[in-house]
Amino acid sequence: MTVALTARTGSVARRLLPSATTLVVGCVFAAVLAALVAPGAAATPASDEPPPHAATVDEMVEQLRADPVLVQPSMGMGDTRLAHEVLSQAVADAGVPVYVVLAEMPEELARMERPAEQVAVLFREALGDGIYHVDFLEGSSYTGAWGVPDELDFRPAYIALRAAEQRASGEYPRPSALFEAVLVVQAAVTPGAELPSSVVDEYASQPWAFLPERLKPIADARADRWVATLIVVTGVLVAGLIITAGIARAKPLARGRSAARPPAYEAVPDGLDRRVHKRLGGVRRRRDALSGDELTSPAGERATSAIEAAERVIDTGDELDLVGADVLTRIADREIDRLHDPERRRYQPCFINPLHGEASDTVRLDGSSIDAPVCSACGRRQGAFLSTRKRMRGWEPYVDTSTVWARTGYGALVGDLTEQVLADRSVRR
Amino acid sequence: MRKMIIGTVATLVCAVLGGAAAWGVMSSNLPDETATTERARTAADALGESNVYVDPGLDGAFTDDELARIEAAAASSDPEVFVVVWPESRQAGYRSSSEVLRQIGLRLARPGVYFQVSPGSALDSVDVGIDGERFSVYETPDDEWSSRRETTLLLDKIEENDGRNYTLGESTESSDWGGTAGVVSAGLLLGLFGGGLVGGVGLAGWFLARRRRAAR
C-alpha cells in the first residue's frame with residue numbers, strides 16, 4: 001500500500017493520494033534515474049568529512065544510499081553535524097527504512113509543481129519502500145510512505161508540532177524544518193501512538209527547534225544596557241535622597257490621640273467633686289466674713305444666691321450639675337471680689353467647656369451665627385464640647401442635653417445663671 | 001543629622017546594588033557575538049583566501065569572468081569589500097543576512113563591507129569593524145536571476161563604496177538613543193523623573209503611615 005502525507009510548513013499535514021501528474025513525472029524521472037544509477041554503484045562511505053554538496057536528484061540519491069539522512073548547511077540550523085546526528089539517532093530507532101532530506105532544491109525541480117512530493121516518488125523508485133521526508137529550502141515539506149504498516153499516521157507529529165509552537169516563547173515562534181523532520185521520524189518510530197510530551201518538550205527545548213528571533217544590533221543593546229543602568233542608579237539616588245531629606249526634616253509627632261486630631265468630646269475629669277466642694281467651702285468662709293452692709297449690697301446678694309444655687313446642685317450625682325456648682329462657686333467668688341473692685345467684670349465661663357475657666361475671647365461656632373465667649377485656647381482652636389456619657393447614645397455634648405446648663409451655656413450666654421438655676425431647681429422640687 | 005547620614009549611605013548602597021542588577025539583567029540581553037553559525041564559519045574561512053565566496057549550491061551563478069571582475073574590485077576597494085554568494089536561508093541558525101554577515105566579519109577579523117548576494121533576494125551589506133558614512137546597497141531583486149545585471153549592480157556599489165570616509169572601529173551610536181551624549185542624557189533624565197516620582201510617592205506614603213501610626 002502507499003500512504004502519502006504532505007504538509008506545508010506551518011499547517012497540519014493533509015493526507016493525499018499521489019496525483020496522476022506525480023505519477024507521470026515520477027516515471028520520467030525514474031527512467032532517468034535508472035540510467036544514471038548503475039546497479040551496484042559503490043556507496044559513499046560514511047566518514048567525519050561532510051559529504052560533497054548534492055546539487056542534483058542523482059547526487060542526492062547517491063548520498064541517501066550511503067546515509068539515509070541528508071542535511072545541507074542552509075537547512076541545518078547552524079550546525080549540520082548536530083542536525084545529522086539528531087536525525088540519525090531518530091531514524092535508527094524506526095522499524096522501517098526512513099529517509100530524511102533537508103536541502104536546497106535541485107535546479108532541475110525548480111520549475112515543477114510540488115517538487116518535494118515529486119522527488120520523494122523518485123527517491124522511492126530508486127531506493128525502494130520506506131518513509132521519505134523531504135523539505136527544500138525554497139518550498140514546502142512532504143512526507144511519503146510506501147510499504148509501511150496501515151496504522152502509520154503522521155498526524156500526531158504535526159499535532160505535537162503545533163502544541164510545541166503554542167507553548168514556545170518569543171513573539172512569533174516558528175518551528176524549524178529540522179524540528180518538524182525529527183517529529184515526523186518519531187511518529188514513524190511509534191506508529192499509531194501519540195508522541196510522548198516529554199520527548200516533544202525535550203526536542204522543543206533545543207536551540208535548533210525554532211527559528212531564531214531577530215537580534216537587536218549590538219550597539220543598540222549596549223546602549224540599552226547603559227541607559228537602564230543610569231536610570232536605575234539616578235532614580236534610586238534621587239528617590240533615596242528625597243525620602244531621606246523628607247524624613248530627616250520632618251518634625252516629630254507627639255504620640256497619642258490628641259496629637260493627630262482634636263478629640264470628639266471632653267469628659268468631666270475625675271476628682272472634680274472634691275475640688276468643687278473645697279472651693280465652695282472657701283467661698284462660704286469668705287461670704288461669712290462679710291459685714292452686714294456688704295452682704296446686703298447687690299454683689300453680696302448675688303454671691304449669696306450663687307452659693308445657694310451651687311449648694312442645690314453640687315450633690316445631685318449628675319456630672320453636669322457638678323460642673324454647674326463649680327461655675328456658680330466661681331461666680332460667687334468673683335462677686336465677693338467685686339465688693340472691693342467694682343470694675344472687675346462679672347464671671348463668664350468658656351462656652352465650649354466651662355472647666356477651661358473664664359472666657360477671654362469669642363469664637364463663631366460651627367453652624368451658628370452667634371459669637372460665643374470662650375477661653376483663649378478655644379479662641380485659637382475650637383476644642384470639643386464638654387460632654388456626658390449616656391448609656392445608650394454614647395458621648396453627648398452638654399449643649400445637646402435638656403438641662404438648664406444647655407440653655408444658659410453655664411452662664412456664657414446669659415447674665416442670670418443663678419436665677420435660672422434656682423428657678424429650675426424650685427420647679428423640680 | 002544621624003538620619004541624614006543613614007539615609008544617604010542606604011541610598012548609595014541601593015544605587016550601587018540596583019545599578020549592578022540592571023547591568024547584569026541587560027547584559028543577558030546582549031547578542032552573543034562569539035557564536036558563529038556553520039555557514040558563517042565556512043564563508044569566513046573561504047574569504048580568508050579570496051574576497052568572493054560562492055556557496056556550492058550556487059556554483060555557476062556567476063561566470064568566471066564576472067567573478068574575477070568582482071574579486072578585483074572588492075579587493076582594491078577602500079574600505080575593503082567581501083562578497084558572499086549563497087541562497088538566503090532562515091533555516092541556517094540566524095535570523096537575518098546582517099546577522100550572518102556580521103558573524104563572518106567578526107570571525108574573519110578583517111574590517112570592511114560585507115555583501116550578501118542571493119538569487120531572488122535583495123542585495124544586502126553590513127559594515128564590520130569600521131565606522132563610516134551611511135552606505136546602503138538595498139536594491140529590489142528582479143524576478144529572473146541575471147548574473148550580468150547582478151555583476152553590474154555589485155560593481156557599481158563597490159565603486160560607490162570605494163573612497164567613502166570611514167574610521168576603523170565599531171560605531172557605538174544607537175539607533176534608539178543616539179551617541180554617548182544621547183545615552184547619558186536619556187539615562188539621567190529618565191532617572192531624574194522616575195526617581196523624583198518614586199521619591200515623592202514614597203515620602204507621601206511615609207508621612208501618611210506616620211500620621212496613621214501616631215493617631216492610634
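The term pLDDT denotes the predictor's confidence in each residue, from 0 to 100. This is a predicted model, in which local features need pLDDT of at least 70 and side-chain atom pairs count only at pLDDT 80 or more, while totals for chains, interfaces and linings use all residues. Residues are numbered from 1 along each chain as its sequence is written, and chains are lettered from A and ligands numbered from 1 in the order in which they are written.

**Chain A, coloured by confidence**

Select chain A and colour it by pLDDT. The average is 82, and 84% of the residues score at least 70. Confidence is highest in strand β3 (residues 69-71) of chain A, at a mean of 95, and lowest in strand β2 (residues 14-15) of chain A, at 34. Residues 1-47 of chain A have a pLDDT below 50, although this stretch has 69 contacts in the model beyond near neighbours in sequence; a contact requires C-beta atoms, placed from the backbone, within 7 Å of each other. Where pLDDT is low, the predicted coordinates should not be read in detail.

Display the cartoon next. Chain A has 16 helices and 11 strands; these are DSSP runs numbered from the N terminus, of H or I over at least four residues for helices and of E over at least two for strands. Of the contacts in chain A with a separation of 6 or more, 62% join residues 24 or more positions apart. Buried residues account for 41% of the 429 residues in chain A. A residue is buried if 20 or more other C-beta atoms, placed from the backbone, lie within 10 Å of its own.

**Strand β4 of chain A**

Select residues 98-103 of chain A, which form strand β4; 6 of its 6 residues are buried. V98(A), V100(A) and L102(A) cover one side, and Y99(A), V101(A) and A103(A) the other. In a regular strand the side chains alternate between the two faces of the sheet. β4(A) pairs with β3(A) in the parallel sense over 3 bridges, pairing being assigned if DSSP finds at least two bridges between two strands. V71(A) has L102(A) as its bridge partner in β4(A).

**The nonpolar cores**

A nonpolar core is a set of buried Ala, Val, Leu, Ile, Met, Phe, Trp, Tyr and Cys residues joined through C-beta atoms within 7 Å. Select L87(A), V100(A), L183(A), V83(B) and F115(B), which touch the most other members of the largest core, a set of 94 residues. Helix α6 (residues 177-189) of chain A gives the most to this core, with 10 residues. A second, separate core of 28 residues includes V276(A), A299(A), Y347(A) and V421(A).

**Helix α12 of chain A**

A299(A) is also among the buried residues of α12(A), as are R302(A) and R312(A). Select residues 298-313: at 1.5 Å a residue, the 16 residues of this helix should span 22 Å, and the end C-alpha atoms are 23 Å apart, which agrees. The expected span is 1.5 Å times one less than the number of residues.

**The sheet β7-β10-β11**

In chain A, select the 3 strands of the open sheet ordered β7-β10-β11, whose pairing is mixed. β7 (266-267) and β11 (394-397) are the edge strands, each pairing on one side only. β7(A) runs parallel to strand β10 (residues 386-390) and is joined to this strand by 2 bridges. E266(A) has L386(A) as its bridge partner.

**The contact between the chains**

Finally, show both chains. The contact takes 55 residues from chain A and 62 residues from chain B. On chain B, α1 (2-27), α2 (38-47) and α6 (180-215) each supply at least two residues of the side that touches chain A, and α6(B) gives the most, with 21 residues.

Definitions and conventions. Buried ≥ 20, exposed ≤ 12 C-beta atoms within 10 Å, placed from the backbone. Contact = placed C-beta atoms within 7 Å.
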